[in-house]
Amino acid sequence: MENPQKLCRKFKDVSLEELRDRLAEFAKVRNWDQYHSPRNLLLALVGEVGELSEIFQWKGEVERGLPNWSDDDKEHLEEELSDVLLYLVQLADVCGLDLGQAALSKIVKNAQKYPILD
């Protein structure tokens, strides 16, 4: 099997559709679909958000780009952010929602709700 780090570097732009399909296949071959109810996925997502929060808990404010963080700290952050993203994509899929389209629609709604002030 290919090194996961090497495999990840092959992709520059990854679609939500590709993530959804890969996650569905990953769960299917492991027979995990039975556990992936909306409730269970939401609870897993909340747990991962908690793990993500722990990374920042005692750091105070951090600079954009994380210039003072070690490579290990950045890799840990990438992993936790990825966990959150993957559970969110999976939750949307199990609920039958198009997360990409919903996000685009939300940006439009936010632009209307929060217009540019002169």
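This is a predicted model: local features need pLDDT of at least 70, side-chain atom pairs count only at pLDDT 80 or more; totals for chains, interfaces and linings use all residues.

Trainee: OK, α2 then. How many residues does α2 have, and how far does α2 reach?

Mentor: α2 has 14 residues and reaches 20 Å from first C-alpha to last, close to the 20 Å expected at 1.5 Å a residue. That expected span is 1.5 Å times one less than the number of residues. Helices here are DSSP runs of H or I, at least four residues, numbered from the N terminus.

Trainee: Which residues of α2 are buried?

Mentor: L19, L23 and A27. Buried means under 20% relative accessible area, exposed over 50%, and partly exposed in between, using a 1.4 Å probe and protein chains only. The arc is taken from the directions from the helix axis to the C-beta atoms.

Trainee: Why would such residues point the same way?

Mentor: An α-helix has 3.6 residues a turn, so residues three or four places apart point the same way.

Trainee: And what sits on the face of α2 turned away from its buried side?

Mentor: The exposed residues E17, K28 and V29. As for the buried ones, what covers them includes α4.

Trainee: How do α2 and α4 cross?

Mentor: Their axes come within 9 Å and cross at roughly 85°. The axes are lines fitted to C-alpha atoms, for helices over the stretch in contact, with angles from 0 to 180 degrees between N-to-C directions. Angles of 65 to 115 degrees count as roughly perpendicular, and α2 and α4 are therefore roughly perpendicular to each other. The contact (heavy atoms within 4.5 Å) is made by L16, L19, R20, L23 and A27 of α2 and L85, L86, V89, Q90 and D93 of α4.

Trainee: Let's stay with Q90. Buried or exposed?

Mentor: Q90 counts as buried, at 11% relative accessibility. Q90 lies in α4, residues 71-94, and the Q90 side chain makes a polar contact of 3.2 Å with the side chain of H36. A polar contact is a pair of N or O atoms within 3.5 Å; within protein, one must be able to donate a hydrogen and the other to accept it, and residues adjacent in sequence count only if both atoms are side-chain atoms.

Trainee: What else does Q90 touch?

Mentor: Not counting residues up to four places away in sequence, Q90 touches L23, A27, H36 and L41.

Trainee: New topic: which residues of α3 are buried?

Mentor: L41, L45, E48, L52 and I55. Seen down the axis of α3, they fall within an arc of 65°, so they line one face of the helix. What covers them includes α4, while the face turned away carries the exposed residues R39, V46 and E54.

Trainee: Where is L66, and what's its phi?

Mentor: L66 lies in the loop between α3 and α4. Its phi is near 55°, a positive value in a residue other than glycine.

Note on methods:
Residues are numbered from 1 along each chain as its sequence is written. Side-chain values use heavy atoms; hydrogens and water are left out. Helices (H or I, at least four residues) and strands (E, at least two) are DSSP runs, numbered from the N terminus. Angles under 35 degrees count as roughly parallel, over 145 as roughly antiparallel, 65 to 115 as roughly perpendicular and the rest as oblique.
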